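Hello,

Here is the structure I promised to pass on to you. Have a look through it first, and then read my notes below.

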Amino acid sequence: MNKPWFLWIPLAVVAFIGGLAIYGLAVPKDDQVHSAMIGKKLPAFSLPAATAGVPALSSADMADGKPRLLNIFASWCLPCKAEAPHLETLKAAGVEIDAIAVRDKPEDVAAFLAEFGNPFRRIGSDTEMAVQLKLGSSGVPETYVIGGDGTILFQHIGDIRAEHVPMLIEKVNAAK
Amino acid sequence: MIAEAGLAALWLAAAMALLQLVGGLTLLRGGAGQLAPLVKPAAYMQGALCAFAFFALMWLFYVTDLSVLLVASNSHIDKPMIFKLAGTWGNHEGSMLLWVAVMSVSGAAIALLEKRIEAKTLYATLAVQGFIALGFFAFLLFASNPFERLVPAPLEGAGLNPLLQDVGLAFHPPTLYMGYVGLSIAFSFAVGALLTNQVGPAFARAMRPWVLAAWIFLTIGIAAGSYWAYYELGWGGWWFWDPVENASLMPWLAATALLHSVSVLATRNALRAWTIMLALVAFAMSMAGTFLVRSGILTSVHAFAVDPERGAFILALMLMYTSIAFVIFALRIGTVKQGEPFQLVSREGGIVANNIFLSVILAIVLIGTLYPLAAEAMGDKISVGPPYFNKATVPVMLLLMLALLIGPMLRWRRDALMRIKYWLIGGAAILLCGGLVAWRLAPGTGLFPLLGIALSLALAVAAWLPLRGRKLLRTPLPIFGMVIAHFGIAVSVFGMAAESGFSKETLTALAPGESAEISGWKVRLSDVKPVVGDNWVAVEGEMLANKNGNSFVMRPQSRHFFKPEMQTSEAALLTRWNGQLYAVIAQPDQEGDGRWQVRLWWKPFVTFIWFGGGLIALGGAISLFGRMFRRARKPAINKWEPA
């Protein structure tokens, strides 16, 4: 008997939805929202020093021909304390690191640096989170790889762990 | 011992399901049918064994046997007894056991009670039922054994997600599961009728009570879930188009369509292939719903039930059942003869319109729910939310209501709109006046709420019209059921339209002694103090709400649970006949000035949403009761009644 082809449409719909579902289960879930700024120049900003004794930070400071890391942290943020030793390791490996302290007070930043060390060349104070938002960063800590011309090359969301250190060193070296 | 006995019962029940499948199949393949006499007893045994297994698990929760892993990880010695018992199904393994138990008991009930369809169709139905049960037994026994032991046994147990420690919610998942199980039985009937070429009124009458029961449970489950989200999550909304909400809405949409088309099939012997199709889709949707909840494939507020491996298992079951069913559909539906013809303007035509609109809404919701997954496969990350769902579904819902105004008044087979022209003119007048009055009262209102209010007012009258000219005492109960359910839709839509069109909201920070105003209410925060409960501590605000000289106390809480650690907000609701005042207290204000963040809403007629939902379910229950009562009194006669 000649059966019309459209009777198979429901089966095709099931197959399509099943394929989607299998894909959804097979591909690991990535709930992080990455910055839309990757690949673009740093937005222009100029932040005051976050604490006495460490210079202030502006976008011009970071476009001096040398690639480096830009760490976004806060003294009140627990994962930032956890990643502090790894930032020290990065510094020891010759990576230059600038930082932005978000919604912080000078005395708290000073206490944070006194307790966990200061791997940073410059620290800007972003009390209003204005620059953080311009960078497309949604939380602390986050670490960006910034090219020598001030281009945002890479974004690492969350605290830096030991296994991330070699990757970050390589990214900075590759940008040279 | 109890746990081991429960497990043994499950294995035996699985063997019974296998016997049911093989026995039914051999008969179907034209075999001698030596196994056939065993099919019905196997169904009875399967039902009894599964019921035993479920009560065994409930007993373990009752005595808090912490040497059972499931009890240890979902209960706690300090938990109130009602939540201990609710813990039986308030978790993945237990809820799957409940599912299987209800399914097996239903299968036994079919084997025992169903006399209207041919024996061969009944055996085919039971075979399909056994086939579905086998898959779920495999899932229970291999991937989610509820009776697993834990060595060594812990001393107190881990507790239950505090969001779920709520009487309403203790009954939300099992209610939905009852609905899903009912649809699985409709599915078995449909495949059984397809296999034996018995798609006709007798089959429709046999399937209808199960569809009706499933639909009642789904209606209650969705309404209860919506109310729970409304007062427990503290966002002040009652529907979020969350993937998991959609997962429960889609089977309901399919079941609603099926409920109507099965009535046409039972009465007029039309819409044969379409009814079969809907029965398959409805069960596929309930499997998809279970899959979406369990797999965590889509980001959702229901993420507490997530387990990807089990998701894969359910996905495999779902694809197997639906693929096989649709292959049978494609191969066999050609043998189903064309049903009775009817004209466009007729009761059948109205129900076809109902089915088309419901299917369109179902497609819109399905596409919106799966789109983020498809987009992710294309490397894009998006989420689909209320802007899409509201814009796309509301116009179709309004069309559906328009069809509902006219459809129930039409006669079978053919009718003329001229016959009911005065009713049509009257309805249009109510529509126009309702819309104008609402627009005059609140000029800035959007189009959808206005139309919603106008249509619900017209429907509130039109819903009762099928009773006109009938002797009320001699009217069959299902007619009353239909009228009440349709009136419930008017009530519910009125609530939705009023809430979405006219709600007021204010967010403020108050120190004790200060006040805020909203919609004529003056709310004073008189005190903030700590309170303690069984397994939580909370900050409780005491508020005095004043309007027209009447004053009421409201006590919203911000609760902190410690087993497991979690923050919830308990909104305080002040219900008046024309709406609800909804208050939430949150964190202390950041400045450290002794103020508290307070959020207030005035939601006009919001309770009508769930009240209407209750009426819809009540209508279904009256219809089901009337049908069972009639059946007991005399054999079914070939005269139309609505579902």
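**What I found**

Chain B is divided into domain 1 (1-160) and domain 2 (504-605). The C-alpha centres of these two domains of chain B lie 45 Å apart. Please keep in mind as you read that this is a predicted model.

Let me turn to where the chains meet. On the chain B side, 22 residues are in contact with 16 residues of chain A. Three helices of chain B each supply at least two residues of that side: helix H11 (272-295), helix H12 (308-332) and helix H13 (347-377). H12(B) gives the most, with 11 residues.

Most residues other than glycine have a negative phi. Asn269(B), though not a glycine, has a positive phi of about 55 degrees, and Leu271(B), also not a glycine, has a positive phi of about 60 degrees.

Are these two residues buried or exposed? Asn269(B) has 16 C-beta neighbours inside 10 Å, so it counts as partly exposed. Leu271(B) has 24 such neighbours inside 10 Å and therefore counts as buried, since the cut-off for buried is 20 or more.

Finally, chain A has a loop of its own to show you. Gly139(A) has its place in the loop between helix H4 (130-134) and strand S6 (142-146) of chain A. With 15 other C-beta atoms within 10 Å, Gly139(A) is partly exposed.

Which form does the peptide bond from Val140(A) to Pro141(A) take, cis or trans? Most peptide bonds are trans. The bond from Val140(A) to Pro141(A) is cis, with omega near -10 degrees.

Happy exploring, and do write back with any questions.

Best wishes

Terms used: Residues are numbered from 1 along each chain as its sequence is written. Chains are lettered from A and ligands numbered from 1 in the order in which they are written. This is a predicted model: local features need pLDDT of at least 70, side-chain atom pairs count only at pLDDT 80 or more; totals for chains, interfaces and linings use all residues. Two residues are in contact if their C-beta atoms, placed from the backbone, lie within 7 Å. Helices (H or I, at least four residues) and strands (E, at least two) are DSSP runs, numbered from the N terminus. Domain bounds come from an automatic or database domain assignment. A residue is buried if 20 or more other C-beta atoms lie within 10 Å of its own, exposed if 12 or fewer, and partly exposed in between; C-beta atoms are placed from the backbone.
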